[in-house]
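Have the structure open and try each task before reading its solution.

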Amino acid sequence: MRILVTSTPGAGHVHPIVPIARALTDSGHEVVWATAEEGCARVAALGFDVAPAGMGSRARMQQLLATTPGFMDLAPRSRRAVAFGGLFGRIAAPVMREDLVAVFDDVRPDVVVHDIAELAATPMAVARGIPHVTVAFSGVIPAATVDHAVRAVAPVWAAEGVDVAADLGFADHLYVHPFPAAFGAAPPGPTVRSMRPLHVDGARDEDLPPDWIARLGRDRPLLYVTFGTELGPRAPWGDLPATLGELDVDVVATTGAGLPREALGAVPQNVRVEEYVAQRFVLDRASVVVSHGGAGTVLAATGRGIPQLCLPVAADQFENADAVARGGVGLVLEPDARGPADLTTAITRLLQEPTWRERAVALAAEIDALPHPRELVPEVEALTSA
């Protein structure tokens with residue numbers, strides 16, 4: 001089969017698709033991946049043929065802020081309903097559709113596999129009679145968010161000569177869900193399948209950990225602090241670096257691109273700051289993960305049986321953080337409750353109360369029991385004969 005994969009360019013959108021895309025290539029199928037120029041090098045490094053298509057993350061966000069008055073005045077938990085439809089529907093989808101026309105003509109796919117936030121491929125596949133697979137990176141998208149996105153992306157469906165689906169067509173043929181049941185129910189419907197979220201962090205199997213990491217987490221707990229690759233200056237560092245300096249712990253803190261070390265202020269001696277470290281090397285030694293609640297980090301930490309502290313900022317992070325709390329594997333601090341005392345209390349509880357680790361280990365086993373991506377290959381193959 002010829003498979004066209006489409007996604008937005010961020011690591012949090014690319015990496016969840018990689019396991020099933022690799023399973024398809026391992027089964028002898030031809031895969032071509034289309035994403036924005038800024039993500040092409042990442043996809044190529046993962047071993048896939050890639051075609052540039054769509055908007056970059058920064059341009060998309062700049063346009064949202066310029067065309068959505070009062071967006072930043074909304075409560076953080078209320079922004080996703082507007083942001084999802086605005087960023088991925090109204091702004092990005094028309095550009096992606098225009099670029100994908102030539103890609104569809106060139107690849108002539110038998111099946112389209114797409115990131116749940118890449119909203120142009122679905123109407124294009126529907127219009128061409130091509131089955132498509134939706135790959136989610138976190139939990140169920142709230143109904144209000146879907147409704148807003150339906151209105152936002154309706155012109156793209158109309159341009160393809162088809163009526164926009166009430167559920168954006170997510171579950172037309174196959175919907176891949178990565179969250180364990182303890183994090184919340186999967187979407188209903190006969191086409192929904194759970195899939196084990198294999199951890200992808202961009203590192204190759206032959207890559208070695210940095211030399212300095214072997215010194216950390218030996219004599220005292222290691223905390224891994226990350227706010228992903230895209231938050232940059234919006235990341236909730238606040239009182240966190242100074243607070244970590246008061247704790248008897250080792251810390252690895254990654255800033256991602258776009259945030260200079262100086263922005264963190266005075267960095268305590270027990271805090272190692274890096275722009276990026278492949279997560280597998282830190283998670284192997286970490287006792288607690290502190291993050292923004294990005295789905296990739298949440299699932300990676302849960303899969304390693306590590307308790308978590310979530311400081312969500314935007315997008316699906318609040319919902320992911322709620323899932324962490326619901327699953328009993330971590331704590332959540334809201335934006336107005338992240339002072340030194342709040343942070344110290346939460347981190348101390350996660351380090352000292354054994355139930356967090358016990359529940360995290362149990363949930364890791366639940367994740368490990370989910371179907372491997374290669375188990376879904378026959379179902380993708382069957383779509384062409386349905």
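**Helices on a sheet**

Helix α11 (residues 317–326) lies across β12 (308–310) and β13, and runs at about 135° to β13. Here, helices (H or I, at least four residues) and strands (E, at least two) are DSSP runs, numbered from the N terminus. Angles run from 0 to 180 degrees between N-to-C directions, with axes fitted as lines to C-alpha atoms, for helices over the stretch in contact; contact means heavy atoms within 4.5 Å.

This is a predicted model, in which local features need pLDDT of at least 70, side-chain atom pairs count only at pLDDT 80 or more, and totals for chains, interfaces and linings use all residues. Residues are numbered from 1 along each chain as its sequence is written, and side-chain values use heavy atoms, leaving out hydrogens and water.

**Exercise 1.** Find the strand order of the open sheet of six strands.

*Solution.* Step one: the order is β10-β9-β8-β11-β12-β13, with parallel pairing; two strands pair if DSSP finds at least two bridges between them. Step two: β10 (271–274) and β13 (330–332) each have a single partner strand, so one side of each lacks a neighbour in the sheet.

**Exercise 2.** How many bridges join β8 to β11?

*Solution.* Four bridges link β8 (residues 222–226) with β11 (residues 288–291). Within this pair, Tyr 224 stands opposite Val 289.

**Exercise 3.** Is helix α10 mostly covered or uncovered?

*Solution.* Seven of the nine residues of α10 (295–303) are buried, meaning under 20% relative accessible area with a 1.4 Å probe, protein chains only. Among them are Val 298 and Leu 299. Their cover includes β8, β11 and α11.

Key
Buried < 20%, exposed > 50% of the residue type's maximum accessible area, 1.4 Å probe, protein only.
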